[in-house]
Amino acid sequence: MSGRDLFCEPRRIRRGAALTLVFASLLVAGAATGSFSDPARKTGPEAPGSASARHHDEVTRAAAEAMADGKSPMEAAERAVSRSGDRWGAVYSQGEYEEFEEALDGQYTGVGLWARRERDGRIEVTRVSAGSPAAAAGIRKGDRLRTVDGAEVDGRPVTEVVSLLRGDADDASAGTKVSLGLERGTQSWSRTLRRARLSTDSVTVGRLPGGVTLIKVDAFTKGVGDAVRTAVGRAPGRAGIVLDLRGNSGGLVAEAVTTASVFLDGGLVATYDVNGSQRALHAEAGGDTTRPLVALVDGGTMSAAEMLTGALQDRGRAVVVGSRTFGKGSVQMPSRLPDGSVAELTVGHYRTPAGRSVDGRGITPDLEADKESLKRAETVLSGLGDLP
């Protein structure tokens with residue numbers, strides 16, 4: 001499991017797409033037109049007699065009754081969600097929900113570290129954002145993170161470590177200090193960093209042999225679609241593109257649709273239902289439909305990233321290489337609870353252009369590959385290998 005300090009998984013969620021505010025709350029707020037209102041201020045599902053509407057009413061009622069009794073509305077709402085069997089339902093505090101919206105908008109407060117927990121429980125730095133406080137302190141990929149503000153982090157879930165780095169317990173702002181204990185080989189040292197307001201670095205672009213452009217998209221935060229369009233526009237000649245969606249946990253559906261528009265000349269991206277009402281998402285006309293394209297996916301490819309993958313695969317636009325994706329194809333509607341917290345409850349599901357359901361199934365690649373998936377992608381683009 002890996003994480004970074006720009007997203008913090010809510011500690012209260014027992015199940016769910018923790019880092020994916022994703023296809024969830026933002027789809028029903030206007031992704032088809034690209035016009036988004038504040039999803040946290042929506043009043044709930046639309047059809048009063050639907051099962052999802054009844055579920056919404058039960059959760060809201062539980063929160064209101066708890067507040068009237070002087071108990072925690074959030075905890076009551078969580079229990080109601082748990083009883084409902086809604087796999088992706090979740091309850092966020094007002095602050096947590098605002099953090100998610102902020103991160104998806106392309107900004108976050110942190111030190112610029114990405115980390116993962118190794119099998120032995122150690123927390124290893126996997127990436128340091130350029131220009132971040134962590135980079136200025138000389139922290140490198142491969143360093144071991146031992147403590148955060150004196151608290152040992154070995155064996156802890158990465159999400160807890162991320163929360164400590166961000167200072168979520170204290171609602172830490174930019175400029176606040178955080179002390180890190182680090183290790184590199186036999187050397188141990190401590191550094192005190194000041195958290196900063198940083199921009200998400202969701203798109204990275206590189207070059208592979210033969211002029212192939214590698215575009216890595218970590219999440220669909222604001223501006224990602226335009227960044228992918230720019231990268232494709234700068235790609236040399238008619239050389240191929242590898243669109244790396246491995247580990248992409250989702251994001252803003254509007255950005256995923258914009259990314260699809262880079263490679264499609266209009267047409268269907270996905271259909272979805274909200275309380276039985278069928279809707280559709282379409283790509284804009286004018287995308288690059290001739291440049292060879294491979295999409296890389298794995299078990300960490302989720303939600304809006306799966307929606308994009310399914311569209312490119314069904315439309316015959318990309319060869320999909322890697323391993324089966326996660327399988328989150330449900331739509332959540334956010335609603336404000338009496339204490340200001342937000343409940344996200346499932347109201348429907350989406351399907352690929354060919355009508356495939358992704359929820360619980362995922363996307364099966366055209367070519368199965370594990371650690372060698374990037375090499376397989378290069379082989380496909382080079383035209384030197386035969387497809388099995």
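Does Asp171 count as buried or exposed, and at what relative accessibility? At 62% relative accessibility, Asp171 counts as exposed, where exposed means over 50% relative accessible area, buried under 20%, and partly exposed in between (1.4 Å probe, protein chains only). The model is predicted, so to speak of local features requires pLDDT of at least 70 and side-chain atom pairs count only at pLDDT 80 or more, while totals for chains, interfaces and linings use all residues. Residues are numbered from 1 along each chain as its sequence is written, and side-chain values use heavy atoms, with hydrogens and water left out.

Asp171 is placed in the loop between helix H6 (158-166) and strand S8 (177-184); helices (H or I, at least four residues) and strands (E, at least two) are DSSP runs, numbered from the N terminus. Although Asp171 is not a glycine, its phi is positive, at about 50°. Asp149 also has a positive phi, near 50°. This residue sits in the loop between strand S6 (144-148) and strand S7 (151-152) and is partly exposed, with a relative accessible area of 48%. As a point of reference, most residues other than glycine have a negative phi.

Lys216 belongs to strand S12 (residues 213-217) and, at 18% relative accessibility, counts as buried. A polar atom of the Lys216 side chain lies 2.4 Å from the backbone oxygen of Arg246. Beyond its neighbours within four places in sequence, Lys216 is in contact (heavy atoms within 4.5 Å) with Ser202, Val203, Thr204, Asp244 and Arg246.

Aromatic rings complete the picture. The structure holds two aromatic pairs, a pair being rings of Phe, Tyr or Trp (its six-membered ring) with centres within 6.5 Å; planes under 30 degrees apart count as stacked, over 60 as edge-to-face and the rest as tilted. The ring centres of Tyr92 and Tyr97 are 5.6 Å apart and their planes are at 70°, so this pair is edge-to-face. Tyr92 is buried at a relative accessible area of 2%, and Tyr97 is buried at 1%.

Notes. Polar contact = N/O pair within 3.5 Å; in protein donor to acceptor, adjacent residues only side chain to side chain.
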